[in-house]
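Student: Could we go through the labels used for this structure and check each one against its cut-off?

Tutor: Gladly; let us look at it together.

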Amino acid sequence: MRKIAIVGAGQAGMVLAFGLRDAGYDVTVLETRTPDQIEHGPILSTAMVFDRQLDQERRLGLHEWEGRAPVCNGMHATLRLPNGDVVLEVQGGLDETCQGVDARLKSAAWMRRFEREGGRLVIATVDVPLLESLAETYDLVVVASGKGQLSGLFERDPERCLFDAPARRICALILKGVGEWPEIPYTPLKFHFGMEAGDYFTIPFYSHAGPCRAAVFEPVPGSHLDVWGPEIDTADKALAMAKRVIRDFSPQDWPQYEHAGLVDEKAWLRGAITPTVRKPVARLASGRPVMALGDAAILNDPISGAGANDALRMTERLRKAILQREDRPFTDDWMQEVFEGHYQEHGRHTMRFTRIMTEPITEPAWKLLQAATRSPGVARTFVNAYTDVQQSIRWMTDMEAADEVLGRHAGELQGARFLTRAEAQERFMQRPQAA
Ligand SMILES: Cc1cc2nc3c(=O)[nH]c(=O)nc-3n(C[C@H](O)[C@H](O)[C@H](O)COP(=O)(O)OP(=O)(O)OC[C@H]3O[C@@H](n4cnc5c(N)ncnc54)[C@H](O)[C@@H]3O)c2cc1C
């Protein structure tokens with residue numbers, strides 16, 4: 001029986017562990033924290049996972065929150081001026097639904113179950129000497145340690161990295177007591193675009209307290225929305241600041257959030273991410289190779305809504321490749337090839353999408369967004385930007401592709417006139433601003 005060691009009991013590590021265990025492999029998972037520490041510890045993410053990737057969890061019997069976690073089936077988006085005035089408003093249904101379950105619940109439940117069902121779970125902080133001894137004993141060592149320090153073992157790939165610093169500051173909170181929007185015919189992702197200052201969005205979510213809502217603030221550093229400096233160092237301050245931003249920047253939503261609280265004291269995080277593509281193979285001093293998976297290989301900003309989804313896509317590719325490898329050795333070249341398949345099909349597009357999403361809106365996307373306010377057909381394309389990023393990149397960067405989308409809905413757009421970004425900037429920014 002082939003022996004596989006997986007470092008990290010997160011989204012990618014645990015799904016790979018169950019997938020290989022069910023296929024008859026001898027799997028060991030090594031994780032820094034115990035299930036109790038994870039369950040009651042700080043949040044590391046508020047990820048939404050799309051239905052096709054959730055199917056991976058379903059097939060392994062891991063989606064324990066089905067029927068309890070709310071299903072996000074639409075998006076409502078506003079483009080706002082600094083004083084909170086709404087410039088544009090768009091809504092539509094998602095072609096592929098998604099669900100967000102607190103990763104603390106997922107990892108803790110999956111680790112307990114893995115052990116209960118006979119899997120080997122080792123609580124240890126893996127470092128290079130421990131990796132060396134794992135590589136000696138196991139046929140394959142996969143490092144799925146997320147954005148933690150160990151990923152530094154894998155060299156940054158400068159030719160593939162589109163960022164050398166964080167484009168956004170990040171603050172995320174999981175909130176209970178948020179009201180609903182009966183006038184919106186969906187369980188919506190609510191997205192608030194701030195003109196060139198960054199964005200914030202809230203998503204239906206599931207955590208310790210049951211159904212709830214996660215909020216992610218993504219200001220451009222130095223902008224008027226960048227209020228998440230180091231002075232925000234307690235749960236109370238984070239909650240108070242989140243409510244202040246919501247009240248001032250999206251006052252129409254204030255009634256829904258007025259009575260919101262954190263689901264627990266640790267349900268918030270603050271930080272920044274430099275999206276990074278790494279070389280997928282690290283050679284240890286012994287010459288033995290180890291392979292990166294998930295965020296350890298490709299790290300994105302949450303604005304792309306893709307880290308966990310791509311981690312799951314890469315996990316599935318790796319699982320299949322391991323099975324196809326049968327008894328042959330897991331060589332350096334084989335690891336490169338598996339990663340390259342993922343990078344070419346998904347990783348590079350996601351990174352480009354992240355770049356576009358963190359920059360000021362492009363001219364084609366701006367035109368499409370204006371059209372989306374009049375045409376439900378165009379709105380559907382806009383709100384589904386996250387489901388097929390490769391397709392979305394086309395209408396976000398190429399005016400012909402954007403016009404092609406508009407052409408398909410010409411009947412809904414008769415008489416429509418569109419402003420360029422410069423015209424819009426001039427018109428809207430002349431409005432009186434709040435002090
Ligand atoms: C605020 C926020 C919102 C997000 N929203 C989305 C979203 O909507 N959609 C989406 O697709 N993605 C989203 N992401 C990204 C997503 O959370 C990650 O891409 C995903 O969790 C990556 O999974 P992973 O298994 O690679 O790493 P993780 O899930 O981070 O797991 C890594 C595990 O490794 C363990 N570990 C670390 N170092 C060691 C070590 N040395 N030894 C042993 N164990 C170790 C950690 O404790 C952890 O349990 C978001 C991220 C953030 C920060």
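Predicted model: local features only at pLDDT ≥ 70, side-chain atom pairs only at ≥ 80, totals over all residues.

Tutor: Residues are numbered from 1 along each chain as its sequence is written, and side-chain values use heavy atoms, with hydrogens and water left out.

Student: Why is helix 1 called roughly parallel to helix 4?

Tutor: The axes of helix 1 (residues 11-22) and helix 4 (residues 103-116) come within 10 Å and cross at roughly 25 degrees. That angle makes helix 1 roughly parallel to helix 4. Angles under 35 degrees count as roughly parallel, over 145 as roughly antiparallel, 65 to 115 as roughly perpendicular and the rest as oblique. Helix 1 passes helix 4 in a left-handed crossing.

Student: Which residues make the contact of helix 1 and helix 4?

Tutor: Helix 1 brings Gln11, Met14, Val15, Ala17, Phe18 and Arg21, while helix 4 brings Lys106, Trp110, Met111, Arg113 and Phe114; contact means heavy atoms within 4.5 Å.

Student: What makes helix 10 and helix 13 roughly parallel?

Tutor: Helix 10 (residues 363-372) and helix 13 (residues 399-408) pack at an angle of about 15 degrees, with their axes 8 Å apart. Helix 10 and helix 13 are therefore roughly parallel to each other. Here helix 10 passes helix 13 in a right-handed crossing. The contact is made by Glu363, Pro364, Lys367, Leu368 and Ala371 of helix 10 with Met399, Ala402, Asp403, Val405 and Leu406 of helix 13.

Student: Turning to the rings, why is the pair of phenylalanine 217 and tryptophan 228 called tilted?

Tutor: Their ring centres are 5.0 Å apart and their planes stand at 40 degrees, so the pair is tilted. Rings of Phe, Tyr and Trp (its six-membered ring) pair if their centres lie within 6.5 Å; planes under 30 degrees apart count as stacked, over 60 as edge-to-face and the rest as tilted. Phenylalanine 217 is in strand 11 (residues 210-219), and tryptophan 228 is in the loop between strand 11 and helix 6 (235-249).

Student: How do you know that tryptophan 228 is buried?

Tutor: Tryptophan 228 has a relative accessible area of 1%, so it is buried. Buried means under 20% relative accessible area, exposed over 50%, partly exposed in between (1.4 Å probe, protein chains only). Phenylalanine 217, at 2% relative accessibility, counts as buried too.

Student: Is threonine 358 buried or exposed, and how do you know?

Tutor: Threonine 358 has a relative accessible area of 8%, so it is buried. Leaving aside its neighbours within four places in sequence, threonine 358 is in contact with Phe163, Ala167, Arg168 and Ile303.

Student: And what makes glutamate 326 exposed?

Tutor: Its relative accessible area is 54%, so glutamate 326 is exposed. Glutamate 326 sits in the loop between helix 8 (307-325) and helix 9, and has a positive phi of about 50 degrees although it is not a glycine.

Note on methods
Axes fitted to C-alpha atoms, helices over the stretch in contact; angles between N-to-C directions. Helix = DSSP H or I, 4+ residues; strand = E, 2+ residues; numbered from the N terminus. Left-handed = near helix turned anticlockwise from the far one by under 90°.
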